[in-house]
Amino acid sequence: MAGSTTNFPNVQRIRDMVRNDLASLLDSFKGKKDLVLDTELMKPLDRVAGATMLKQRNLLKQRHVDKIFKLDPTQKSIHGCEQRVYLVRPQMTTMKVIADHVNSDRSSNIKREYRIIMVPRKLHVCEMILEHEGVMGYITIHELQMDLIPLDRDILSLELPQFFRSFYLDSDHTWIQTIAKSLINIQALCGIIPNVYGIGKGSKMVNDLMKNILGEKLSGPDYSKCDIGNLILIDRDIDFVTPLCSQLTYEGLLDDTFGISCGYIEFGKDVTGKDQSTKLLLSSEDQIFDEVRNRHFSNVFEYLSSKAKSLQTEFDQRHGLESVGDTKDFVATKLRGLKAQKAALSHHIGACEVILGKKTKGEFEEYLQTEHSLLEGTALRENMTFIEELINKQSSMIQTLKLLCLLSLTLDGIPARDYKSLKKQYCQSHGFEQMLTFYNLSKLGMITDQELTTIQPATSLGKVTSSMAAMTKHSSFKSLCRRLALIPKTDDINLKSPTDMSYVFSGAYSPLSCKLVEQALTRETFIGMEEITKHLPGGVFAEVNAKQSKGKMPSSLPPSSKVVLVYFLGGCTYSEISALRFLGRLKGYRFLVATTSIITGTSLLEQVVEKPPI
Amino acid sequence: MATADWNPLGDVYLRKTELYSMGWADIVDLNKFVAVASCQYGGPIALLRDDAQTARVQVSTKPVITTYTAAGYQIGQMRWNSGQIVKMGWTVTEDLLCVQDDGVVLVYDFFLNFKRTFGLGQEAKDVKVIDCQIFNSFQGTGIAILTSTFRIFIINSVDDPRIRRLAEVPGLQTEPSSWTIINLDRQSRALVAKGKELYLIDHGGQFQYQSPQISAEVNEYVMMSVSYSNKYLAMFTDSGVIWIGSSDLQKCYCEFNTKSPQCPQQLAWCGSGAVVAMWDKIMLVVGPDKDWIKFQFDSPVHLTQEDDGLRIIQNYQHEFLHKVPDVTEKIFKIGSMEPGAMLYEANREFMKGSQKADEYVRMIKDKLDIAVDQCIQASGHELEPTKQKQLLRAASFGKCFLTDYNPQAFVDMCQMLRVLNQVRNHAIGIPLTYTQLEKLTTTVLIDRLVLRKFFAYAIKISQYLKIPEAEGSSRILAHWACYKVKQKNQDDEVIARAIAQKLGDTPGVSYSEVANEALECGREELAIRLLDYEPRAAHQVPLLMKMHKDQIALSKAIESGDTDLVYTVLLRLKESMTQGDFLMSIRSMPISYSLFLQYCRQQNPKLLEDLYYQEDNFIEEGNCKVMRSFIDERLDDRTETLNQAIKCYQKGRHDFVIKQTEDQIKLLKYQRRLEEEFNRPYMDLSLHQTIYRLTVENNFKVSEQLRKEFKIPDRRYWWIKIQALAEAGEWVELDKFSRNKKPPVGMEAFVEVCAKHHNVNEAMKYMSRVSPEQKVRCLVKVGNKKAAADTAFENRNEEELNFVLSKCGHSDRQLVESIKSMKQQLGLKR
């Protein structure tokens, strides 16, 4: 990670662009104004602009905004000055809330000017709803193309977690265009990317749409000035296994345990030891964090304690200070940095303790064991019993569901009888509405009925024997494992200084998505990988316009060819990012990760779980 | 001699040169036409022939309008079917205006294709128009009409016909003897002659009495003419005097007595230097200093004022009368010693190979740059290519002696002349002078070529002049394509292909515009074909919707990947069709279908159910109903909705789901009953939670009942009960339960729950009954690592020892040591 950043695209430029756009858009509304923020947009906006910037005075000594409100769907009206600006995602429900606000103001004879800024673009449907509600006449609609938000120097996120459900479950293509536009934006900054690989149907759509839109603008792309050499688009639905596995890298564990949102993490009392909770921004700026984020958890504490010791010695220097000048120097230069490091360190140590406390409990260990044995495909009966036990004990609904999904995914579906009984028990434990969740999961292919999925030529044979036969047969996950060597043969993976990507899951499994990225980059084509690609739903494509020097080609290719943008449609986990960073170090690539949102297995499933409407 | 056709008029010269010998020679006799209108800037000529008016015998044929190029080639003809034409004229954009006596103005292009029509107000319609003038206003082309009530109405622009009524002339009882429109200071005013009185009237209701300086006796001003620049005015009096002065009537340049009692047919200005009066075949040119020239023609002529001269249209010839430009005069005037003249001479000698060339050049050595400039400028004013060449050669020759002369002017002139010579060609027939082109600009010239359908010429010129593609060739191509789609005799396919071939993917050409044009011509098929070439779906879709090709629009919108477009079409479809038809039509397109589902999901859940129903998607329909059941408040409604869902599932034979839903109904009913009985909320808990809650609340009987009713497996029931009892702190009950029968979950479950609730004492009670294999784990769970280690040692199980070891933290140093020694002992014994 510490390498030079000369050719690596500076993602902060994207942030600056959005920030300027927002500022000038707000300034174009003359006079005093209040800002009403969509809760979904608060954190992303914080990363881009921040409340201080919004409240700052601009060149004309005018405040960008006067007051900032949070858009609360339960609130029927809000106070404020004559001009109100809503900064929202274009969602139908949000539009209704706004319409309510306007109508309530109308009925109490308050006159205001309303503006809606839709992020990242306005949707016709939203305008229609406003029209239906009869408030279109009082509202002006604007757009702010804030798509990818830099979360770190190598992570970009659309912060659109709803993409997963709307695209894969409801086949709503609305956000495909936003993804395509965001790629165009990047390419406007960093040059046209010569090599594009895609895995999955969404990737294909994005690429087609991107070419369609770009085709209007330019002909005969110029690849000479590109900062990014390769683009790899990956659909989440080709690899559900990876996000469902428990994360074991430090950053992944933080996300799993505390939840990281838009790069911010909130530590409660258990970590800080104080009454207030602390909000911390996790990024490579934080030296200590940068050092441990990608590590397997077992090596984190060790580093932190050694760091603590070295910090202590540095602190102790102050006792050895002799002259007044030295002391002054120490206070002026070092002390502040040391104090900041100390604070960060104490947070990380606190977090480690909490994680350790949770993860070393017997339950989690058994859980992890089951998970890994599912991946290996061994001890099927025991695993099922364990899952059943979890259901019966009514342990965490989502955790159990994760195992159920893994069970189905690794087996190409759960044998019909077990499926029914597990489903029934699950519903008894967690409520009838989970029936619908199972339906959603089967639509996504995350939990399926083996009988329905595997086409058996001899279905007339006894059902029990056929399903038993299917169990022993190689599932598509198995064959992917074998062909891509996802499950390392050796048990001893060096977790301290890893040599294999699988270290992120304690050597039990290498993320499929990242393995596919590796394959695409080294082969530069998908031809000859039919045995692998036939198991990936949605198909693959490769458009290679600049081959890397293999033999004949003169090595005049720009160094950018080693910069790879990996775009996850439907979200990616921190473990995958760590695996890619590892791959980069190993093979000399530099990865920039873009995603629709950063997910964990839990947040992924929460998108799919049905909740009864209130 | 260069000066052979120069006619002196005072101290300037007038030159009459032939532009064309007319293409209509021997076909057209201007005598036979009741109206002739010629457009400025070398534009087309329109002729109106009305046999009914001219023939000696009564005929009932309709009038005929014919348009010609300036070179006399016919471009359009039509029979006039509307009312009485009062006046014909051209707009600055080369549209033909026909003003009828009822105030209706019809606008045609010069191929006489009808473009549009507008009226000049109710009053004009009621009382009839008796006279009309078409003039250049500051906003374009204006029309002024004189009604039979002697009121004048004007519009300043035919593109934006806002009618203004001018002030009344006091005491005007008869038709004014003459009137004209004067455009000064961005205002159009009319100068009206009531006998010998002159009034200037404007639309603000003001009139000004004018009294020009005039010495001759005047009874009436019978004719007046304003110069092209609107600065000068000429008036003809009944006594045969031509008064020439400024248009504000403040200055009089001269009064010229023609001694003609007869009023001339035409009175016009030649540029701004001379007034031309035309009597039948005699043309009199009068200068501001009473100098005059007389020309005799052998046929009637029509005069057209230009900025820099006067065009004279005759039966056989088209001539141009203009003042010899100063620079030309300087070069060619006999005996001129101007540098330009010297250089021109020098070049001539040089061509002859005479050494005199050197002498001439020496004479103007210091002024050579002026000489070159003069030659370049003069070449622009020549119409004859040979003369242009001579002058340019002279300039080029002079240039050779100059070291730091900027050649741009020379290059520009060569280019312009090339263009001018091209468009002056007979075949095109736009006799523009250099001065006129400078005013008109090349862009407008290209537009005019495009209007005349000289697309290839236009493209060549714009390429030659290096006009950027977007405003040059691609614009022309778009026009061409628009013209092409109007050719009705050609097959759609052929045209579409031809257009696509030419246009290719030229930047800046919008196929949708062309398609729109095709649509306006009523060629839907062609429009659709053309739209296929349009790369931007956003442009295709609105047009397709305009054509009511909603299905195609929908598929195009889908292709575009822009869901917004899809929604636009979908919602429009939804409004324009019956629901059934609509649903049927979107079924075939999965993308639009799922988008619509998404819309319904949030906007209209009922419609969503209908959709699934129509699709026979029973499970989804049932799921919708299940979701809906959660909203229903009353139990009866809920069960009703769930029963409906069951019906749906039955249709799809989803037996498993049916069973689950039935169980849910059953559970709901139970929960309602329990709520009533215990006055505590149970609704919406899962079965598990219900039993758990009941157990915690000590209602063992009911929970047992539920267990039987729902056939809950033993293991689960035990787990529920153990956990619930532990939570309730019913340790005695728990103990009793453990002795009930052999627990299917094993004794370790009891240990686990006790440990969870931090009751180590209770946990230890069960320890003795835990199976030996589980004992170590249980002890660890309780937190008694020491005992665990001992047990493991007793079991002689190294694995178990390792397990305990892995649980040891920093605080357990002693234990770690002892485990290590235990392991050693085990190892030794083996």
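**Chain contacts, a sheet and a helix pair**

In this predicted model, 38 residues of chain A are in contact with 34 residues of chain B (contact: C-beta atoms, placed from the backbone, within 7 Å). On the chain A side, the elements giving two or more residues are α4 (92–107), α5 (124–132), α7 (174–190), α8 (201–217), α18 (416–430) and α19 (434–444); helices here are DSSP runs of H or I with at least four residues, strands are runs of E with at least two, and both are numbered from the N terminus. The largest share, seven residues, belongs to α18(A). Sorted by class, that side has 14 nonpolar, 17 polar and seven charged residues (nonpolar: Ala, Val, Leu, Ile, Met, Phe, Trp, Tyr, Cys and Pro; charged: Asp, Glu, Lys and Arg; polar: the others, Gly among them).

Local features need pLDDT of at least 70 and side-chain atom pairs 80 or more, while totals for chains, interfaces and linings use all residues. Residues count from 1 along each chain as its sequence is written, with chains lettered from A and ligands numbered from 1 in written order.

Over in chain B, four strands make an open antiparallel sheet, ordered β11-β12-β13-β14 (pairing takes at least two DSSP bridges). Its edge strands are β11 (129–137) and β14 (164–165), each pairing on one side only. Eight bridges link β11(B) to β12 (140–147) of chain B, and B:C132 sits opposite B:I145 of β12(B).

Chain B also has a helix pair: B:K721, B:I722, B:L725 and B:A726 of α27(B) meet B:E733, B:L734 and B:F737 of α28(B). Of these contact residues, five are nonpolar, none polar and two charged.

How values were computed: Contact = placed C-beta atoms within 7 Å.
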